[in-house]
Amino acid sequence: MNSFNGFVVKEFKQIFRDKRTLVVLFGMPIIMLILFGFAIRNEVKNVKIGVLDLSKDAVTRELTQKLASSEAFEFSVYLSTYDEVEEVFKAGEIKEIIVFEPNFSEKLTLEGIANVQVITDATDPNLSNIVQSYTGAIIRDYIQELNYQGTTLQQGIQPTIKMMYNPELKSVNLFVPGLIAVILMLISALMTSISITREKEMGNMEILLVSPLKPIHIIIGKVLPYLVLSVINVITILILAHFIFEVPFRGSYILFFIEAIIFILTALALGVFISSVANNQQTAMMVSLAGLLLPTVLLSGFIFPVESMPYPLQMVSHIIPAKWFLIVVRSIMLKGSGIEILWMETLILFGIALFFMALSMKKFNVRLQ
Amino acid sequence: MYDFAIQTNELSRTFGDFTAVDRITFDVKQGEIFGFLGANGAGKTTAMKMLTGLLTPTSGEARVSGLDVFKEAEEIKQNIGYMSQKFSLYDDLTPEENIEFYGGVYGLKGQELNHKKEELIHSVGLEKFRKKLVRSLPLGWKQKLAFSISIIHNPKIVFLDEPTGGVDPVTRRQFWEKIYEVSNQGITVFVTTHYMDEAEYCDRVSIMVDGRIEALDSPDELKRTFNAKSIEEIFIQLARSAERGEE
């Protein structure tokens with residue numbers, strides 16, 4: 001036990017002496033959170049719009065007013081003819097143009113139907129989609145108001161929409177759990193694989209293997225410091241997310257940390273596995289980044305929803321631990337779900353963790369032969 | 001049986017259809033300095049790895065300090081020290097921390113470890129550098145320190161894999177003085193080297209060619225048998241017959 005403690009102490013000393021490692025360990029999570037939190041957003045703000053008002057009556061003016069006063073839009077220009085639409089879009093500033101048909105308010109009150117055309121610049125399909133649905137929502141709202149005032153007839157079916165758990169559709173709420181997964185993967189897997197291959201490169205590993213230390217002690221000694229640091233990182237992210245981005249945390253912290261530790265163990269096992277395959281730090285880094293980080297970012301549902309992937313990729317996503325971890329963490333944080341709902345995902349995550357731990361132990365031992 | 005620090009009988013190791021070590025049989029007496037020579041790729045490192053428990057032999061027998069390499073590999077580890085050709089200290093730790101770490105690995109603790117640490121720092125002459133990072137030490141000192149650390153637990157046998165690679169002649173000389181010192185304490189020294197002048201310092205040397213031991217005796221006897229002026233001559237004579245090239 002004494003030799004094992006010595007091992008852990010040595011590992012911590014090395015981590016704290018290496019400035020670059022420290023920056024990666026503690027700087028990256030914060031930088032990534034801030035980047036994802038502030039820069040990468042799905043919601044839109046101050047998108048410039050133009051209006052082609054062929055009616056110019058009280059209703060269209062009011063609607064224009066409503067759109068312009070929304071945070072999402074910034075009213076920019078009045079067009080006078082259709083021919084200008086193309087021109088305006090080509091200039092690039094304006095992303096959406098709203099066209100009111102002639103005699104808009106008249107039609108609305110008399111026939112109960114008036115047409116609004118929403119034209120968007122779909123070079124950025126994502127933005128175009130969001131802008132469209134925002135506009136739709138604002139117009140629907142307005143019509144509903146009119147209905148209450150009894151000025152128009154209720155036409156057809158009016159859906160009432162309620163967005164649960166994340167009513168403001170804040171993308172940071174979605175990113176934080178994903179970010180936790182990415183950062184844990186990065187620190188646990190990448191850092192351990194690099195630190196183990198470094199011992200191999202420097203020749204220290206041979207000495208350790210010749211010594212009475214058992215391979216399992218070497219692995220645990222290498223891995224334990226990163227487990228501790230990863231947990232510290234999770235706490236940092238949670239605090240930042242809470243105070244800077246006001247991300248809610250509705251579920252149980254205990255459950256959350258248990259799940260996080262299972263996920264960290266999976267990542268650590270992957271790190272050990274990579275280090276037993278790779279012979280130098282560069283290879284370890286490449287394998288970790290390409291083999292672990294990319295799938296974690298792209299296939300876990302972190303950025304792109306798993307449901308909208310083609311079927312083969314969905315299959316692949318099942319074996320990505322981050323996918324299950326993400327489902328679990330999002331549910332705990334945003335919905336406050338407990339283990340009675342999440343037991344299946346937890347079990348799968350645990351299974352994956354066990355599988356990779358067994359695999360990495362086996363691989364590590366084989367290397368001694 | 002226990003007069004021998006190392007005994008092997010027809011020890012072999014193959015990797016696929018490549019026979020790295022081909023039925024070698026030799027004994028190393030207790031307390032002697034045994035030089036293990038061979039060109040690159042002759043199988044020295046593989047042989048040494050089998051004796052230190054890093055590799056499992058494919059066939060044959062071997063006992064290290066009376067213990068079977070197949071069945072008692074764990075016990076062997078307590079009885080041997082090892083210094084590899086790669087530099088094996090942590091260069092981002094200080095000499096003191098390296099000593100504490102490796103001492104701890106071999107189960108030294110408390111008073112005993114502190115005592116050992118002081119003794120070691122003084123014997124290598126590292127008083128001035130004890131709080132500096134190993135990275136900043138000259139190579140010769142690092143190697144002396146690595147050697148001292150490899151015998152921190154008073155092993156019965158110490159394996160040195162090309163310990164003097166890349167070191168200047170003066171430091172090599174000092175290193176060999178250290179080897180003699182250790183040998184006088186009764187520790188068996190098993191050393192591989194590229195420098196033929198160093199072979200002359202050994203009590204006995206073996207020369208490996210293509211995975212087999214082609215010559216084994218004291219340097220003087222070898223010179224007599226091969227009718228050569230130096231070990232180098234013998235080595236070149238034998239190595240010329242080698243079919244394997246460099247690794």
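**A close look at one strand**

Modeller: Let us take strand β9 of chain B in this predicted model, and begin with its neighbour in the chain, since β9(B) is joined by five bridges to strand β10 (residues 212–217) of chain B, and the two strands run antiparallel. One of the pairs to look for is B:V205, whose bridge partner in β10(B) is B:D217. Between these two strands of the hairpin there are two residues, and here B:D210 takes a positive phi near 50 degrees.

β9(B) also pairs with strand β3 (residues 33–38) of chain B, again through five bridges, but in this case the strands run parallel. If you look for B:F34, you will find that its bridge partner in β9(B) is B:R204.

Now consider how the strand is covered. β9(B) spans residues 204–209, and six of its six residues are buried, so that the strand is mostly covered; by buried we mean that 20 or more other C-beta atoms lie within 10 Å of the residue's own. In a regular strand the side chains alternate between the two faces of the sheet. In β9(B) you can follow this residue by residue, for B:R204, B:S206 and B:M208 point one way, while B:V205, B:I207 and B:V209 point the other way, and the residues of both sets are buried.

Notes:
Residues numbered from 1 in each chain as written. Chains lettered and ligands numbered in written order. Predicted model: local features only at pLDDT ≥ 70, side-chain atom pairs only at ≥ 80, totals over all residues. Buried ≥ 20, exposed ≤ 12 C-beta atoms within 10 Å, placed from the backbone. Helix = DSSP H or I, 4+ residues; strand = E, 2+ residues; numbered from the N terminus. Pairing = 2+ DSSP bridges.
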